[in-house]
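Welcome! Please take a moment to look over the protein shown here, and then we will walk through its spaces and its helices together.

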Amino acid sequence: MKGSFAFFMKGKSISMKNDINWYQNAIFYEVYVRAYADSNGDGHGDLRGLIQKLDYIKDLGVDCIWMLPIYESPLRDDGYDISDYYTIANVFGSVDDLRELLKKTHDRGMRLIMDLVVNHTSDQHPWFQAARKDRKSPYRDYYVWSDDDRKYQGTRIIFIDTEKSNWTWDGQAGQFYWHRFYASQPDLNFDNPKVQQEILDVMDYWLAMGVDGFRVDAVPYLFEREGTNCENLPETHQYLKRMRQFVDHKYPDCIMLCEANQWPEDVRPYFGEGDEFHMGFHFPLMPRIYMALGKEDVTPLFQILKRTPDIPNNCQWCIFLRNHDELTLEMVTEEERQWMWDFYAAQPGTRLNLGIRRRLAPLLGNNQKKIELAYSLLFTLPGSPIIYYGDEIGMGDNIELFDRNGLRTPMQWDNSPNAGFSHADSSRLYAPVINDERFKPQQVNVEDQRQTPESLYNHIKHMLAVRKQHAGLGSSLLEWIDTGNNAIAAYWRIRGEERFLICNNLSETTLTFKIEMPTALTKGMDLLSGKDIDMPSSHELCLNLASHAFVWLKIN
């Protein structure tokens, strides 16, 4: 790694009152409701189960819950195939349950955002059913139709393992319909003003109920134009700005989080001039955390953050290690993708589409020190971190299940047969509990880890507590440090008069290295141990880090 650069973001500490920028330093927690806690014994997690676990989430250090779709749905894609935007699926509960969840979440000083799927609906949605039955139906123009499948040939297929085309023939309609994802998810036609208004009406309904915002799904694909790849089109940004204007006008403390799996320079327009999305996922950063760990080389991290453009002061990146989908390798080079597959997905069945279907702990060999190191990077690089449910205890996965279902298994609360997730007979569970010897509930569960001081859960909880005490660890200037050894990821985080020195040993061996200190800095504190440290008179700090160890220092 040669040279250095600055990466700047502003932010505020989270407050439930009068802080419209609360998201800039918040800790997010992604919950798949179906997998989290079953309150009624039907084998499916539900909203009341989530209510029962709010104290756990709050105690972990979470500021905002991101809840995967709970709308009425055939659940062919775990709720991302919506058949009614205004109804909650019976399996999850009722609107009254959601109101209670919102109240109790807010009572604990946390917020809650929902998934909003705008690109497509389920093929079971009444709009699509009406559209396919009658060409003269007012709903026909809610979707994208063609007499042949030759339009928009420059458009890539996203689910290459399951779909051969973005067009599917509908015999009843007598035409092909357009879809960027599964064939059971026809795309909405955003050239229709009525579709645009329908989405605004849906947003209004849930925000008025008290939801704190939306993670907006698959936003690059809203419009289609011949001769383009049908991604990131100007018309898409025009409509998204309209959505933001609506939120700012009626719900100014609510947010929109952008899911755009694109290169950083292509995500930048989704922030607009601070008038489009409040937040955007930094997809390309995530695989490069794994590259840095696997190669014991900080260069992939350095290069992608150097490539990342500045964003408006009222915006923020969302960064993550894993989520409910495969570990996407779309935003890497062909060479990098092959390396990731060879290193992290050599086992048959672990590759999916252009990605890897593994959870965090299996990816990192169930090595607690390595997992904690990954979290050190997550919690100290620019952006608001998101933790995927179960990753705080190192849950495993089940690659025998179809597609991405193996990443969405029941939360493991204790060592009972159903892991404390449900008192239903195990045959009635929506998905089996992990039975891998390394990751089964008898080995990995919340109850045991909460009682074990050196557990992964307690280490992550402590790291989160420290981060929340020092806002500069999340929103501040990032300045890389060249230690002369690429196995050390070292950087300053600078916020006003505060300086934080972060050093991460990416290697399997103990390393000793030196950091040049600014002359005015004389004292410091090891934030994770709470111990004071003295700066050397030579202005050169010598550090010794064991394999996969890290240190967070506050320097005065």
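Which residues lie nearest the centre of the largest pocket? They are Y32, R34, D78, F402 and N405, and they belong to a lining of 16 residues. Keep in mind as you explore that this is a predicted model.

**The overall build**

Let's step back to the whole chain. The protein contains 15 helices and 25 strands. Its radius of gyration is 24 Å, close to the 24 Å that the globule rule gives for 556 residues, so the protein is as compact as a globular protein of that length. Along the principal axes, the C-alpha atoms fill a box of roughly 80 × 55 × 50 Å.

**Open and closed spaces**

Now back to the spaces inside. The largest pocket has a volume of about 230 Å³. How many cavities of 30 Å³ or more does the structure hold? There is 1. The largest cavity takes in about 440 Å³ of space. Its lining is made of 33 residues, and F159, F181, E259, D325 and R404 are the closest to its centre. Two elements, β10 (213-217) and β14 (327-328), each give two or more residues to this lining.

Here is how the residues of the two linings divide by class:

On the α9 side, the contact is made by L285, R288, I289, M291 and A292, and on the α10 side by P300, L301, I304 and L305. By class, this contact has 8 nonpolar residues, no polar ones and 1 charged residue.

How do the axes of helix α4 (residues 95-107) and helix α6 (residues 193-209) cross, and at what angle? They come within 10 Å and cross at roughly 55°. The two helices α4 and α6 are therefore oblique to each other. From α4, the residues V95, L98, R99 and L102 take part in the contact, and from α6 they are Y205, W206 and M209. The contact of α4 with α6 has 6 nonpolar, no polar and 1 charged residues.

How values were computed: Residues numbered from 1 in each chain as written. Predicted model: local features only at pLDDT ≥ 70, side-chain atom pairs only at ≥ 80, totals over all residues. Heavy atoms only, no water. Contact = heavy atoms within 4.5 Å. Helix = DSSP H or I, 4+ residues; strand = E, 2+ residues; numbered from the N terminus. Nonpolar A, V, L, I, M, F, W, Y, C, P; charged D, E, K, R; others polar. 1 Å grid on protein atoms, 1.4 Å probe; cavity = no way out; pocket = protein on both sides within 12 Å on 5 of 7 lines; lining within 4 Å. Points joined across faces, edges and corners; volume = space filled by probe spheres on them. Rg over C-alpha atoms; globule rule 2.2 N^0.38 Å. Axes fitted to C-alpha atoms, helices over the stretch in contact; angles between N-to-C directions. Parallel < 35°, antiparallel > 145°, perpendicular 65-115°, else oblique.
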